[in-house]
Amino acid sequence: MLTFWAAVLVFFQVIQSPSVSGAPRQVTPSPGQKKPGISASQGTVPPSPASPSSFTSRGNQVKATASAKPTSPASRKPTLPSSTKPTLPASPKPTSPANVKTTSPYRREEWEGPLSKKKEPSATPEKKGVKNNVRIKVVKKVLKKKAKPSVQDPGAKEEPQCPPLGLESLRVRDSQLRASTIKRHGLGAHRGRLNIQSGINDGDFYDGGWCAGHEDRSQWLEIDARRTTRFTGVITQGLNSIWTYDWVTSYKVQFSNDTHTWKSCKNGSEEMVFPGNKDPETPVLNLFPVPVVARYIRISPQTWFENGTICLRAEVLGCPLPDPNNINYWDDTPVTTDKLDFRHHNYKEMRKLMKKVNDACPNITRIYSIGKSYRGLKMYVMEISDNPGHHEVGEPEFRYVAGMHGNEALGRELLLNLMEYLCQEFQRGNPRVVRLVTETRIHLLPSMNPDGYETAYKLGSELSGWATGRWTYEGFDLNHNFADLNTALWDAEDNELVPHKFPNHYIPIPEAYTFPNATVAPETRAVISWMQRYPFVLSANLHGGELVVSYPFDMTRTYWKAQELTPTADDAVFRWLATVYATSNLVMLDDDRRLCHYDDFMREGNIINGANWHTVAGSMNDFSYLHTNCFEVTIELSCDKFPHESELPQEWENNKESLLVYMEQVRRGIKGIVRDKDTEQGIADAIISVDGINHDIRTAFDGDYWRLLNPGEYDVTAAAEGYHSVTRSCRVSYEDNPTICDFRLTKTPKQRLREILAKGGKIPKDLALRLRLLRLRKLESQRRAQ
């Protein structure tokens, strides 16, 4: 009973003790518990409410008593607990009831939130010898790890994909390709290159791919990278042939460093079988689950088209790894030092780059549009001249055209780089570029077929194949879409009507071709109108897929022949122009390179008459030569129509000198002005004829003209309607300047009479007498003819 009443007494004492208003009491540790060198105020961490950046749960509120024994300072060293709910050490035994403090095992910044405030201790005195329940609020601070970017996250920074090794672009040589077996030499491993084309004759040395000699799963095509390489993927195609259909439908990939030990590409522990092709031409890309570092790679077909055999063309994606210890792997290819934008530009990026060049050199550049494509994309031209927007008398006009076939993208990028280069070098004062800009009006059309390019660009440089994007959105091949003027000229020549009754130049366009419902692409109409507005003298049409320069005529004179040498009247000049580009191109000069596909152009110095290669009716080269004054050639820039971005700097270096030298040929030949002898005004549309060359040109609207000729002596005649013709001898030298040959023409009596009558004046006596004599001579000649 006594024990019961004692417990009741203690209970009432606790109730009567002063409150701490919900705040924990401050507990002062014993002197042995304090850290040396730290004052009581520094070693005390007052509690604070939870901040927005941290969270507190009711389970984290721990009741502590002041009855725990003191511990050593080492045992109170702050540590990060491993469990999610932190635990506190036992509270030290208070030394004085009036001054009680609690020491936290956590740092101050972990104890308090970023927005916490220091609370003042309670001023209420505590009774001595009474146990106090102290409520301590513990705040958990969660350290969140930074999330790794997901593969599916579009904002994630992806590792750049490795470029192709160069089977298509010929950087991989034939000696680096091997196969288990071959069907015949023309189907050897050296033919297993992406987009390689076969010849018309089946069974020759130049078929369109590699074909195995046996039909089993032990066949393989091997590529030696010649150095340690990080392989990331493979692209395959079927056999290119007009006679058979062969492709691989699935395959495995193996890697080795010595060709003796091979390891298969696996996805975890499972050996991977990659899906192959469904037709011969569409490229199929397969990326490896994890990049593999090796030197050799093998493609091992597992299944193939049931009605065909094992045949494929391939490209391998890989990043060569540096090996400075092996001098054999050092690349001695010249690297460009020009700071240009070496990447592929779609329509929007092309506009931005052209605007950037125009802003950098506003005094020598001008951007204008010659029309729109079928889908409404503008066909922009960059003009580069010391007086942009104006034709200067005596200054020739030059043009480069690229992108006629949308998937032949190298010409587009070369012209964009040429814009940048001319702007930069002109600002630096490069004398060669300064002379070129000040003495020539240059027009650069980087994309004649913008719709086709956008189609190929979306697939990418390696997956657009051989033909995707070649045609316009409507399906026109622009190089076959110009008016056929060759047939009309040759028919007139056969009937001996040229040049007296049928012109040998400025041949008119057939009326049916100009009808709105004619099968003419809007891009073609825009270019024809462009040709008629500007007095172009020299031009080049940039293509891709081969390494050769072809010159007119592109159409065979014998209509049923696929190939026939068909030269123009200016064949010697065209051969010179083609040779100038071919002999200054670094790749065309390399006699050790292999053939792109099946034609060996190196035997002819990498130039060829277009019709002798393959006939093309309605080509832009022929139309330009027969309908205008402009001489134009076609330049096939590379075996790879759409080279990878990593190859663009080298392609620029290969073609930079050629592009500049070819433009400088506009100064080759003669130039001058045909004027009226009385008024000294230029005579437009005067005909300039060169003796021995059955092709004339005409003067521009200011009376100036330019005639491309090789060095030599020429008798040149200037004639115009209403004027007496004048002939003079002009000598073309080997110097880098045109020969000046001006003409002054005298009006005929009939022309003077017309002008007088048009003004309402009287006929002078001397003119009337001359007209009378002319009539008498005409009547006398008619009598003799009878």
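**Close-up views of surface patches and disulfides**

**View 1. Positive patch around helix α3.** Helix α3 (residues 347-360) supplies the largest share of the positive patch, three residues. The patch on the surface gathers Lys348, Arg351, Lys352, Lys372 and Lys378. Lysine 372 belongs to strand β13 (residues 365-372) and is partly exposed, at a relative accessible area of 48%. Buried means under 20% relative accessible area, exposed over 50%, and partly exposed in between (1.4 Å probe, protein chains only). Patch residues have over 30% relative accessible area and no salt bridge, with like charges joined within 9 Å and nonpolar side chains (Val, Leu, Ile, Met, Phe, Trp, Tyr) within 5 Å; a salt bridge is a side-chain nitrogen of Lys or Arg within 4 Å of a carboxyl oxygen of Asp or Glu. The model is predicted: local features need pLDDT of at least 70, side-chain atom pairs count only at pLDDT 80 or more, and totals for chains, interfaces and linings use all residues. Residues are numbered from 1 along each chain as its sequence is written, and side-chain values use heavy atoms, with hydrogens and water left out.

**View 2. Disulfide of cysteine 211 and cysteine 311.** The two cysteines are joined S to S at 1.8 Å, a disulfide being a pair of cysteine sulfur atoms within 2.5 Å. Cysteine 211 lies in strand β4 (residues 210-211) and cysteine 311 in strand β12 (residues 311-320), so the link ties together parts 100 residues apart in sequence. The torsion about the S-S bond is about 115 degrees, so this disulfide is right-handed.

**View 3. Disulfide of cysteine 596 and cysteine 639.** The sulfur atoms are 1.8 Å apart. With -60 degrees about the S-S bond, this link is left-handed.

Definitions and conventions:
Areas by Shrake-Rupley, 256 points an atom, 1.4 Å probe, with all protein chains shown as cover. Lys, Arg positive; Asp, Glu negative; His and termini not counted. Charge placed at Lys NZ, Arg CZ, Asp CG, Glu CD. Helix = DSSP H or I, 4+ residues; strand = E, 2+ residues; numbered from the N terminus.
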